[in-house]
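I opened this notebook to record, entry by entry, what I looked up in the structure.

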2 protein chains.
Amino acid sequence: VNIPASSLNPVPASPVRPAPPLRELSVGLVGPGQVGRALLDQLLAARAPLQRELRLDLRVRIVADSRRMWLDHENPSLAPDAPGTRTWYPSDLDQFGARLGALPGPVVIDCSASESVAERYASWLRAGLHVVTPNKLAISGPLERWHAIGKARDSGALLRYEATVGAGLPVVQTLRDLIATGDTLCSVEGLFSGTLAWLFDGYDGRQPFSQRVRQAREMGYTEPDPRADLDGVDVARKLVILAREAGMDLSLEDVHVQSLVPPELRELDLDACMQRLQDLDEPLARRHAAAAARGSVLRHVGRLHADGRAQVALEELPADHPLAQGRLSDNIVQFRTRRYADNPLRVQGPGAGPEVTAAGVFADLLRVAAEVRA
Amino acid sequence: VNIPASSLNPVPASPVRPAPPLRELSVGLVGPGQVGRALLDQLLAARAPLQRELRLDLRVRIVADSRRMWLDHENPSLAPDAPGTRTWYPSDLDQFGARLGALPGPVVIDCSASESVAERYASWLRAGLHVVTPNKLAISGPLERWHAIGKARDSGALLRYEATVGAGLPVVQTLRDLIATGDTLCSVEGLFSGTLAWLFDGYDGRQPFSQRVRQAREMGYTEPDPRADLDGVDVARKLVILAREAGMDLSLEDVHVQSLVPPELRELDLDACMQRLQDLDEPLARRHAAAAARGSVLRHVGRLHADGRAQVALEELPADHPLAQGRLSDNIVQFRTRRYADNPLRVQGPGAGPEVTAAGVFADLLRVAAEVRA
């Protein structure tokens, strides 16, 4: 049917709408460690431009560590020479949540590595507190708790955890966008540990591997106990997080993980383990030599398939393999989907370190701010 | 100062907040070409899951091409066999904007390649209509118009254009997050044209380059006039978009562009140009041979520096250079920033095609939806 334009009733022009007011978000930070402190510095530095350009007022109102917390301090810097005095109270997550919840736009930022904090997510979300975190424990933890957290989001409160995978790299949001726009995940594969990427990128088989581990530990690239990197569980947690993002009910125990820690080192205390770290050397030197003889390299790879299979292992890859193209501590994440079937969508770059991790948390916080109009 | 917890007044627990209502967004699409049609299909397929999972009701209410438009049809599919009849009116962007603006959560999606549509952005935004687009014309167009568009966003209406660079790849949002969280851009470099990436990825110097261009054109990889790809202006527009995202006042004429189109082909009409396309062959074969003799490859690279220098050119790169690692029509975008200084943040993958471009637009629309609570 074709109708002339003149038959449409005239529509009055919409009036100009006024600019939105400054939105306030009240931040409560749990766990002011390396990442938490980097984040506080970034928030402080960005406060004025965010007020000016995004009409957003981000105020850090509570900071709690495992022992003590302070409330309502005007200057959130934790620098020792920051002006003003601060009143400390014993740390109490009930008080933390209740007081934050009474403030406008409450957002918990969990930079702890604490199970007891992860246990609070559901009740915080139910009460309307948003949660942003680089802490993998809740997101990759027991399925029952994860479902309770999902249910708690029915309150409209938001949960964001971009920095749990690849630190500041856009990984979780990218997968979320693919799924939400109707794409179908086929697989995710990649180098998910900056530490293990660094260890194997520079490993030539001549320097003992244990010496590389010691070197990485001294530079702060590993956890204090390097077995927490070498056992592959951290990478397995990241696969669980991505699987759940894609709608799978995956749990940590479903991931097939090949640990790099020899069985005889697993039960030792840290000092004894560090004394015997050279137990790593010979098996890895043998694998490296075998790979090199075939023109291949060793890389620590995580793989997740759409059918729920997930594995973490040291793999031998051709030197020109896409997953062998990272440098230093680069993470690489490759999504294959129905739309990205021939060539994957690939994100690569430094995937660890306080500053880039804090920036990932900060970007999540801005997403929450954008969605929460006062 | 340390104070016992008992001195804190008890705070009543926050009440459980109710779930948010279904939010409605009213979409008006301009330019139902390949990308627009793919988007309509994706919106239709995702409608039920978005209602269920994101409590979001995306309704396509107006579709306009350059000649005609329809209003308020229940089934937005443009498939010839879609059920129901549709009432067509002569296309009229005033009517389009006024009617859409009277609906809840109005979003214009501009999938045209039209200057006359780009001219409307400022007035639409001023009137509170959000705008989402893969059309580069407004975002990379004259600086004065771009500033007017920026000013119009003071109304609170949102403008999103992720799909203008790298189609569905997370490029614009990634840069926006870096800047908003306080990082400083040092440079962006990459392969920004899927067409040119494809042409040079498979170019071995034996097959005449013009034959590759013809082949790409037949497969729909190039614009109908392949000079629109070969002249590099499209890549220059993408650099302008990224520069402006990083806060620079860059314009198209500031970008130093080396066109691949020989001067004698520039003024010909399309048919005459296609007849003489072999004029491309000899100079490129010579450059390819010289590069190959040095173990290098040719890649079409765009570069933007923090000081505003921007260039687009065919470059000779070592075969193991990061920008030589793409396959087929992969785009590659590398951000170097203060935080990503040693190793860049890198995004790679297919950067053209109706489906992935539509998905980039769709992801933007979801971002708008998240920020617009009814």
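**Entry 1: a histidine in chain B**

I began with His288(B), which is buried, with a relative accessible area of 17%. For this term I used the following limits: buried means under 20% relative accessible area, exposed over 50%, and partly exposed in between, with a 1.4 Å probe and protein chains only. I placed His288(B) in helix 14 (residues 281-293) of chain B. Helices are DSSP runs of H or I with at least four residues, strands are runs of E with at least two, and both are numbered from the N terminus. Apart from neighbours within four places in sequence, I found His288(B) in contact with Tyr203(B), Asp204(B), Gly205(B) and Leu298(B); contact means heavy atoms within 4.5 Å.

**Entry 2: conventions**

I noted that this is a predicted model, in which local features need pLDDT of at least 70 and side-chain atom pairs count only at pLDDT 80 or more, while totals for chains, interfaces and linings use all residues. Residues are numbered from 1 along each chain as its sequence is written, chains are lettered from A and ligands numbered from 1 in the order in which they are written, and side-chain values use heavy atoms, with hydrogens and water left out.

**Entry 3: chain A as a whole**

I counted 15 helices and 13 strands in chain A. The C-alpha trace of chain A spans about 80 × 70 × 40 Å along its principal axes. Of its 374 residues, 58% count as buried. Among the contacts in chain A with a separation of 6 or more, 65% join residues 24 or more positions apart.

**Entry 4: helix 2 of chain A**

How many residues of helix 2 are buried? I found seven of the nine in helix 2 (residues 93-101) of chain A, so this helix is mostly covered by the limits given above. The buried ones are Leu93(A), Gln95(A), Phe96(A), Gly97(A), Ala98(A), Leu100(A) and Gly101(A). Their packing partners in chain A include strand 1 (23-30), strand 2 (56-64), helix 3 (115-118) and helix 4 (121-126). At the start of the helix, a side-chain oxygen of Asp92(A) comes to within 2.8 Å of the backbone nitrogen of Asp94(A).

I located Tyr161(A) in the loop between strand 7 (159-160) and helix 7 of chain A. Tyr161(A) counts as buried because its relative accessibility is 2%. Beyond its neighbours within four places in sequence, its contacts include Thr133(A), Trp146(A), Arg176(A), Glu245(A) and Asp364(A). With Glu245(A), the side chain of Tyr161(A) makes a side-chain polar contact at 2.4 Å. A polar contact is a pair of N or O atoms within 3.5 Å; within protein, one must be able to donate a hydrogen and the other to accept it, and residues adjacent in sequence count only if both atoms are side-chain atoms. I also noted that the C-alpha atoms of Tyr161(A) and Ala243(A), 82 residues apart along the chain, are separated by 14 Å.

Ser210(A) lies in helix 9 (residues 209-218) of chain A. With a relative accessible area of 5%, Ser210(A) is buried. Not counting residues up to four places away in sequence, Ser210(A) touches Leu277(A), Gln278(A) and Asp281(A).

**Entry 5: cysteines**

I searched all chains for disulfides and the count was zero; the rule requires a pair of cysteine sulfur atoms within 2.5 Å. In chain B, Cys111(B) is buried with a relative accessible area of 14%, and Cys273(B) is buried at 0%.

**Entry 6: cavities**

I worked with this rule: on a 1 Å grid over the protein atoms alone, a cavity is a set of points where a 1.4 Å probe fits but cannot get out, and lining residues have an atom within 4 Å of a point. The count is seven cavities of 30 Å³ or more.

The largest cavity holds about 220 Å³. Its lining has 21 residues, and Asp177(A), Gly168(B), Pro170(B), Ala363(B) and Arg367(B) lie nearest its centre. Helix 15 of chain B gives the most to this lining, six residues.

The second largest cavity holds about 150 Å³. Of its 13 lining residues, Gly168(A), Pro170(A), Gly360(A), Ala363(A) and Asp177(B) lie nearest the centre. Helix 15 of chain A supplies the largest share, five residues.

Conventions: On a 1 Å grid over the protein atoms alone, a cavity is a set of points where a 1.4 Å probe fits but cannot get out, and a pocket is an open set with protein on both sides within 12 Å along at least five of seven lines; lining residues have an atom within 4 Å of a point. Grid points are joined across faces, edges and corners, and a volume is the space filled by probe spheres set on the points.
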